[in-house]
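Dear colleague,

Here is the structure I said I would pass on. My notes follow below it.

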Amino acid sequence: MKLLVTGGAGFIGSNFIRFWMKEHPQDEVVNLDCLTYAGNLENLKDIVENKNYRFVKGDICDRDVVFEIVKDVDLIVHFAAESHVDRSILDPSAFIRTNVLGTQILLDGVREYKKRFHHVSTDEVFGALKPNEPAFDESTPYDPRSPYSASKAASDHLVRAYYHTYGIEMTISNCSNNYGPYHFPEKLIPHFISNLMDGKKVPVYGDGQQVRDWIHVDDHARGIDFILQKGKIGETYCLGGDSEITNLDLTKILIKLMDKDESYIEFVKDRPGHDRRYAIDFSKAKNELGWEPQISFEEGLKDMIEWYKEHQVWVEHCKSGDYQKYYDEWYGR
Ligand code: NAD
Ligand code: DAU
């Protein structure tokens with residue numbers, strides 16, 4: 001089989017390619033990525049020599065490039081996106097372009113050449129839960145509240161619209177917060193690990209009582225594999241890590257694992273429109289596909305901290321782009 005993976009130089013896409021090539025060594029993988037600040041070919045250094053792997057530097061909004069590749073593959077797994085909520089608050093434009101328009105162009109290619117499409121989406125499309133409300137599942141109504149989640153919700157709707165209108169073969173996964181190797185140091189866990197490694201404080205937004213559900217990126221990759229092998233066309237599957245925790249409690253665990261103390265916590269102004277709680281009920285994936293997360297949050301976090309300590313050159317590379325400029329803008333400096 002031949003796969004197109006979009007956004008394969010990013011955090012989850014690169015882990016997915018590594019996972020896929022190990023589990024399905026006979027398959028060919030084309031990675032289409034335009035290498036934004038979040039795309040890094042170092043994420044795939046160990047894959048580059050594999051004769052079944054090919055990288056194409058290109059934009060999913062470029063119809064000619066997309067059609068040329070789509071016509072020659074069997075299956076598309078679509079990760080490419082602008083993914084950071086805070087950046088979407090500073091400027092939504094790139095999010096609408098890539099996440100909405102880019103997805104539509106891929107879908108046009110899928111429709112034209114009749115290929116199977118898997119769309120990688122997020123639990124953020126469902127909005128925010130109150131403390132005692134049941135977790136999100138596949139029947140939860142959409143209620144996106146940030147420019148990022150609105151752009152992902154729009155792309156989910158487009159994928160379903162192409163299924164109903166044009167009969168494309170598609171599946172969707174909505175997953176909770178990923179963590180693991182190659183996690184770009186702008187997101188909570190890697191940002192805090194990186195700051196603590198540098199002896200800097202960690203900025204907790206608001207009161208730190210927001211809740212996220214964390215899933216190891218390898219469990220997410222395996223979940224997508226299960227959907228591709230056993231999922232029903234036209235269906236959506238929610239994937240979660242069964243690890244709900246407040247940001248403040250998570251921060252305290254990170255601080256402890258890194259031999260620091262709580263004087264490293266700095267409460268800063270809250271994210272505008274900050275969603276209070278996400279949680280995922282993944283019983284559909286468990287009952288229909290036999291998938292459930294396997295990596296405990298505690299073990300996964302310890303491994304990630306070790307990985308970060310061993311990859312300081314990689315971390316510095318991530319910070320060499322617009323990293324400082326972005327933080328100056330975010331904190332109004
Ligand atoms: P990321 O920001 O680390 O990587 C995104 C990749 O897409 C980068 O390599 C980037 O260069 C590429 N890209 C961006 N715009 C592009 C364009 N126009 N054309 C081609 N390539 C482009 O993101 P991630 O965290 O790996 O997320 C991957 C996908 O998973 C996204 O669709 C995201 O919405 C979804 N998701 C992420 C999480 C999470 O916790 N990170 C959870 C659920 C779902
Ligand atoms: O839920 C899935 C989503 O998870 C994905 O769709 C997104 O692509 C991914 O970025 C992630 O979004 P979040 O906004 O939840 O992740 P982030 O790591 O940015 O923030 C996690 C929580 O930590 C959130 O409540 C905001 C808070 N936070 C974040 C940062 C970066 C802080 O308190 N301080 C910080 O410096």
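A polar side-chain atom of T122 sits 2.7 Å from an oxygen atom of ligand 2. This is in a predicted model, so please read the distances as computed from it. Y148 also has a polar side-chain atom by an oxygen atom of ligand 2, at 2.6 Å. For N247, the distance between an N or O atom of the side chain and an oxygen atom of ligand 2 is 2.8 Å. Taken on its own, ligand 2 has 690 Å² of accessible area, and the protein covers 95% of that.

There are 24 residues around ligand 2, and those that come nearest are D123, Y148, N177, R271 and H274. Two elements that each supply at least two residues of this shell are α6 and β8 (202-205).

The other item is helix α10, residues 297-310. Its 14 residues reach 20 Å from the first C-alpha to the last, close to the 20 Å expected at 1.5 Å a residue. F297, G300, L301, M304, I305, W307 and Y308 are the buried residues of α10. They line one face of the helix, because seen down the axis of α10 they fall within an arc of 160°. An α-helix has 3.6 residues a turn, so residues three or four places apart point the same way. E298, D303 and E310 are exposed on the other side of α10.

What covers the buried residues of α10 includes three strands, β7 (177-179), β9 (211-216) and β11 (244-246). The cover also includes the helices α6 (188-197), α8 (247-257) and α11 (312-318).

Regards

Conventions
Residues numbered from 1 in each chain as written. Chains lettered and ligands numbered in written order. Predicted model: local features only at pLDDT ≥ 70, side-chain atom pairs only at ≥ 80, totals over all residues. Heavy atoms only, no water. Helix = DSSP H or I, 4+ residues; strand = E, 2+ residues; numbered from the N terminus. Expected span 1.5 Å × (residues − 1). Buried < 20%, exposed > 50% of the residue type's maximum accessible area, 1.4 Å probe, protein only. Arc of directions from axis to C-beta. Contact = heavy atoms within 4.5 Å. Near = heavy atom within 4 Å. Polar contact = N/O pair within 3.5 Å; in protein donor to acceptor, adjacent residues only side chain to side chain. Areas by Shrake-Rupley, 256 points an atom, 1.4 Å probe, with all protein chains shown as cover.
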